[in-house]
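Thanks for coming. I will go through one structure today, and the slide with the sequence and coordinates comes up now.

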Amino acid sequence: MVNERYFSFLRNLVQITHEEPFDYDKYLELLKVIGDSYGVAKGITQFYTTPMMEKRGIGDTYCGFDNGKGEKVLIQHRFVSETKAVITGTLYEEASRPERSAEELEEIDTLFRIVIGFVSRRRLIKKLDEFGFSDMDGYMNFRAFARFLEIASVENRLDGMIAFHFDIHNFTMVNQEVGRQNGDIVLKNFYKMLTEAIGDTGFIARLGGDKFVGIFERSKKRTIFDMFSGVAVPYDETGEKKVSIRVAAGVFLLPNPFVMRSFGDIMDKIIMAGNVAKRKVESSIVIYDDRMKAEKDRVKRVQTDFRTALENEEYVVYYQPKVDLETRKLKGAEALCRWIKDGKVIPPLEFIPILEMNMDICDLDFYMLDHVCKDIRRWLDEKREVVRVSVNFSRKHLVDVDLLDHIIDIIDKNKVPHEYIEIELTETTTDVMFRDLKRVVCGLQEQGVWTAVDDFGVGFSSLNLIRDIPWNVLKVDKTFVPKNNEDRNNMMNLMFRHVISLAQDIGLECVIEGVESIDQLEVLKENNCNIVQGYFFDRPLPLEEFEQRIDRIYYPE
């Protein structure tokens, strides 16, 4: 005899689970009717992305119906998909219910398998969507952001909006301060705060780490910019423990109207502005303008031309003399780079910072050292009076574990006595780089190569820099030198006098940079600073002029 009830349920269940759009309320009502008809008290399905997640109890649970009387397990299934997702399902009945016939159990089991198959299929589709548009930590990803832009563009909703790209300022320090686990909570909470402030009309996504992109309505500019500039973010349940979060943000104010031809119309601009913001000392908000495109093109030209310029020896060594104030004798020189392109001298500020953006600066430093060594070797062969020459090395070299060997190889290849070379290095701000700096300086000392700490007094130099590292020379920036008309007992004079005295007491040679006036000379003489360089005596000189200076050796009174 045909069971019309069973086949009716079967047809309705198949029809509802395949309808588009899917009617969830209609589906739940059918499940309740089926459960009541068969005397099933409760139905549960559970979805886990992996067996490990099942073991840890981390998954999604769906209760199709529950009349509160489910005391005994009726049917239980567990399936593992090809993607290793785990789907379980359990039906319950009242404990006092009489034993069912095999035919009825088979009908219930068949209907339940259809339900489990439907739930698993929908959940897998949802998970695939989540994996496609969110990262492993639950943040919306760039693909989701691109989808939002595409839809908003088609619907003409981008006009006048504000797009952004930011990095959180010093987030590494946040992790160090509160721990990585709490740092993750800070990041998540900051993301939630921005998501709420941006609202449904905008979007925010994570590119990775502490880098984010997004877009919001212009009416929310003040609120969002205030959050970019600094906001207290909690990392405990009570909200009492907080850290201040600021960002370096690149912003593009979309015109009205705005037509997006590709994602690059927005992404290129916010990334350009974001890179400018990151180069600023403090966290900041930088708004894109067309000059940034011109600057980006200039940067690209310098980086593209670098290899050819190096091969053609367009980079030229200029020498700025160092003078002993007591004897007025040429004491040494600093090698400075100039780029001569098409007969025009390009000053270092127009290309050195660009080469510092990657490792090109390291190749230029080695090039400069090699050319200085060649000049010194020739001066020695010509029986000229040779002075020690200092060569600047970027801190980017410190990642090179073979830096010491590379420097010595260049000096020895040119057969230059080590005492004629001085390597200038700048201070560092991290413990790791400090250890690398110490390793390199100590290695150069052992080889008889002089070392100098450059620009002392400009950054965040500490006494550890001259206490723990055996420098030969301390180069003091002119901004650290007090003015002649200042009170001798003011803070600047006292600091300068004591730092110089301390450095000399521990055997450091002090060189004062940027000396341009007789007043500065008087201050330096009073503080026993005898070695100076600057425009008062000489600007950086091309090779031929410097060789004439070597031949004269003494400066007139």
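I will take a sheet, a few backbone points, the aromatic rings and one aspartate, in that order.

Please keep in mind that this is a predicted model.

Let me begin with the sheet. Four strands make up an open sheet, and the order across it is β2-β1-β4-β3. The pairing is antiparallel. At the edges are β2, residues 60–66, and β3, residues 72–80, and each of these pairs on one side only. On average, neighbouring strands in this sheet are turned by 10° against each other, ignoring direction. As a reminder, strands of a sheet pair through backbone hydrogen bonds, in a parallel or an antiparallel way. For β1, residues 42–48, and β4, residues 86–93, the antiparallel pairing runs over 7 bridges.

Next, the backbone. Where is the cis peptide bond that joins an asparagine to a proline? Look between asparagine 256 and proline 257, where omega is about 10°. Proline 257 belongs to the loop that runs between β10, residues 247–253, and α9, residues 264–279.

Is lysine 383 buried or exposed? Its relative accessible area is 73%, so lysine 383 counts as exposed.

Now the aromatic rings. The structure holds 27 aromatic pairs, and I will show two of them. The ring centres of phenylalanine 225 and phenylalanine 228 are 6.2 Å apart with the planes at 25°, so this pair is stacked. Both residues sit in helix α8, residues 221–229, and they are 3 residues apart, about one turn of the helix. Phenylalanine 225 and phenylalanine 228 are both buried.

The other pair is tryptophan 339 with phenylalanine 351. Here the centres are 5.7 Å apart and the planes are at 80°, so the pair is edge-to-face. Tryptophan 339 is in strand β13, residues 329–341, while phenylalanine 351 is in the loop between β14 and α11, so the pair ties together parts 12 residues apart in sequence. Tryptophan 339 and phenylalanine 351 are buried as well.

Going back to phenylalanine 225 and phenylalanine 228, they belong to a cluster linked by ring pairs, which also includes Tyr139, Phe164 and Phe190. Tyrosine 139 has a charge over its ring: the charged end of lysine 188 is 3.9 Å from the ring centre. Elsewhere, arginine 388 lies over the face of tryptophan 450, at 3.6 Å from the ring centre.

Last, aspartate 370. This residue is in helix α12, residues 360–381. Why does aspartate 370 count as buried? Its relative accessibility is 11%, and the cut-off for buried is under 20%. Which side chains does the aspartate 370 side chain meet in polar contacts? One is that of lysine 374, at 2.7 Å, and another is that of asparagine 414, at 3.0 Å. Leaving aside residues up to four places away in sequence, aspartate 370 touches Ile410, Lys413 and Asn414.

That is what I have; questions, please.

Technical notes. Residues numbered from 1 in each chain as written. Predicted model: local features only at pLDDT ≥ 70, side-chain atom pairs only at ≥ 80, totals over all residues. Heavy atoms only, no water. Helix = DSSP H or I, 4+ residues; strand = E, 2+ residues; numbered from the N terminus. Buried < 20%, exposed > 50% of the residue type's maximum accessible area, 1.4 Å probe, protein only. Polar contact = N/O pair within 3.5 Å; in protein donor to acceptor, adjacent residues only side chain to side chain. Contact = heavy atoms within 4.5 Å. Pairing = 2+ DSSP bridges. Axes fitted to C-alpha atoms, helices over the stretch in contact; angles between N-to-C directions. Phe/Tyr/Trp six-rings, centres within 6.5 Å; stacked < 30°, edge-to-face > 60°. Lys NZ or Arg CZ within 6 Å of the ring centre and 35° of its normal.
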